[in-house]
Amino acid sequence: MFRWFHKLASTKNFYRLAEILTPLLAVACAILLAVGLYRGLFVAPTDYEQGESYRIIYVHVPAAWMSLFIYMVMAFCSLLFLVWKMKLADIVAQVSAPLGASFTFLALATGSLWGKPMWGTWWEWDARLTSELILLFIYIGYMALRSSIDNKSTAARAAAILALVGVVNIPIIHYSVEWWNTLHQPASIAKIGTPSIHISMLIPLLLMALGFKVYYLVVMLTKTRNVILEREANSAWVRERVKENRL
Amino acid sequence: MGGAFITLLKRDLTLAMRRRSDWLNPLVFFVIVVTLFPIGIGPDGSLLSEIAPGVIWVAALLATLLGLDGLFRDDFDDGSIEQLLLSPQPLSVLVLAKVLTHWLVAGLPLVLLSPLLALLLQLKLQAIPALLASLVLGTLTLSLIGAIGAALTVGLRRGGVLLPLLVLPLFIPVLIFGSSCVAAAAGGFAIGAQLSLLGGLFFLALALAPLAVAASLRISAES
Amino acid sequence: MTEALLQAKDICVSRGELTLIENKSFTISAGMLFQLQGDNGSGKTTLLRAMCSLIPLDKGEISWRGKLLPAAREDYFAEMCFAGHADGLKGDLTAIENLQCTLTDHTATRAECEYALEETGFTGRSDLACKVLSAGQRRRVVLARVLLSKAVLWILDEPLTALDAHGRALVGGLIEQHVSAGGSVVYSTHQALEISSHPVQTLALTS
């Protein structure tokens, strides 16, 4: 187990593995998103309360899930990097941050679009949207810290500490915002996300969620490969690949 | 261990007393920010007393932030951070002394001044004990969390701009429970829940923040 | 056989993208004088800071009395003293106040501080804030701090900077005394430090 892990942790092996996996995953991603969108937008029944506008959940909800999921990946990688000095983990954390921020932004934008027909305003201080907004700030802070430290290894470790501080705070922020929201929110306003959802609506949602995850993997692996090449531009195996013109 | 803690606390307090602007400026900032609200919103007493808890808390949060950038910067510039890092005492304990100094210099005066601002904003008198209690617990927590950001950015030339970006999102739970504590007291409700939540946040920050600050300082000092 | 204090094995240290120290090994034992030589930018300060565990190693290991750093950091720091480029003096405090706020278990008394200042040839007024002192005087305060630390190992980065001829001779004398008493000194310098009584080990760094 450990040897397998150790082998994967080598950037060279990871590069090769990612090279093989990326096209396969890209195909899987395209199929999942196509089927998910088709079933979500055309096959799933119309909601009797919200009409057609509810269909935005097929983007909004998976994006919101991804925003948290990617932060967890970043925090886990930061821990791997700080404790076991695994450089690959740092690269994954580095390339994941802008992706996570993008998904967070997507969740915010679609949430706001959904808010217009539902609440009549573009922005409602709903607990989930507010948490999502704060999460976006945390992502931005992480990227800002990383980019403002010149020394790469210092930047990596400072960012890793910040990611871990963030992961301790995210649940606290989440619950405090929820608490704040129930305190101020009149009960009449409906909340995003219904607890009971019909199976014909749920299946496309799960397909989309899986599609988003695979999409993240594809982009993350591709970007990780780029960063590996950049960081190891002077190593023998990269030079050899450049000579043979296969990157 | 206690010796180094006291030495550092005494040194930093002496330094703060010799440079009054360090602690006086955030205090004046606090007062000015609070006065800006009635001017910006209008002198409607009932509206002011309603927003007073939030306004005082936001102003306190920003004023705390103001002093944070300097928390390690002077030590960093004159090289005494190296003496701190090379001390045989546990760094997290020394860090705690620095955070405590920051609170005594920047947080405590804020707490003491807050009743005056509460009067300016026509906050109900019955909310003042809650204001004091929540500010004591809250500003201590803010100093602890803020120190992490200060330690991470101390090696950067323009760290002062980055610092608010890093720590303000982390301040939000404290703001929520703090202002809600004051608002509840003004409305005549119980504040036990808010105070215990603030207390919980404080103890969590007390346990974890010094470790994060110590690790961040060692990283920042590399460059 | 003298006891090995600080041992470095095949260490590599880099600054940013640049590897400054490559596969260096050395041992510093009790009573040893160890000088780093090299031009500007050859990595003298980087190596000294790495020896203080302030900079992580890319490769290799450093141990103190046989125990690996930085794990044995607290034992090590109790017996070493570092004086770097930045002097670490608080400008708003007087020389004595600065000497009394060292972060060790033992706080020096006023008399001890005055004695140490005298040893280093400090002629300024000890009740003046350090920010008004000249660079040479501040250097002497730093040396007084090193003396007061009672450390076994002194790590001095350019100890002669800003000192006049008299000051340089004084520093040489203090280092000699420390080494004679069984202590060790690691230092980097451009100027020649005249020490006749003890052999000096040198490590040359090239950029």
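## Two interfaces in a predicted three-chain model

Chain B and chain C bury about 2500 Å² between them, with 55% of this on carbon and sulfur atoms; buried area here is the accessible area (1.4 Å probe) that two parts lose on being put together, summed over both. This is a predicted model, in which local features need pLDDT of at least 70 and side-chain atom pairs count only at pLDDT 80 or more, while totals for chains, interfaces and linings use all residues. Residues are numbered from 1 along each chain as its sequence is written, chains are lettered from A and ligands numbered from 1 in the order in which they are written, and side-chain values use heavy atoms, with hydrogens and water left out.

**Chain B with chain C**

On this interface, 29 residues of chain B are in contact with 30 residues of chain C, where contact means heavy atoms within 4.5 Å. Side chains of opposite charge can pair when their charged atoms come close. The rule finds five salt bridges across the interface of chain B and chain C, a salt bridge being a side-chain nitrogen of Lys or Arg within 4 Å of a carboxyl oxygen of Asp or Glu. B:Asp75 forms a salt bridge with C:Lys90. There are also ten residue pairs in polar contact across the interface of chain B and chain C, both residues at pLDDT 80 or more; a polar contact is a pair of N or O atoms within 3.5 Å, and within protein one must be able to donate a hydrogen and the other to accept it, while residues adjacent in sequence count only if both atoms are side-chain atoms.

The elements that give two or more residues to the side of chain B that touches chain C are α1 (2-18), α4 (70-78) and α5 (80-85) of chain B; helices (H or I, at least four residues) and strands (E, at least two) are DSSP runs, numbered from the N terminus. Of the elements of chain B, α1(B) gives the most to this side, with seven residues.

**Chain A with chain B**

Chain A and chain B bury about 2100 Å² between them, 84% of it on carbon and sulfur atoms. In chain A, the residues that lose the most area to chain B are A:Ile161, A:Ile172 and A:Trp179, together 24% of what that side buries. The count between chain A and chain B is one salt bridge, and B:Glu222 and A:Arg157 meet in a salt bridge through their side chains. To the side of chain A that touches chain B, α6(A) gives the most, with 15 residues.

**Salt bridges by name**

| Residue pair | Closest N to O distance |
|---|---|
| B:Asp75 and C:Lys90 | 2.4 Å |
| A:Arg225 and A:Glu19 | 3.9 Å |

A:Arg225 lies in helix α7 (residues 199-231) of chain A and A:Glu19 in helix α2 of chain A, so this pair ties together parts that are 206 residues apart in sequence.

**Confidence in chain A**

The mean pLDDT of chain A is 88, and 92% of its residues reach 70 or more; pLDDT is the predictor's confidence in each residue, from 0 to 100. Over residues 187-191 of chain A, however, the pLDDT is below 50, and this stretch has eight contacts in the model beyond near neighbours in sequence. Where pLDDT is low, the predicted coordinates should not be read in detail.
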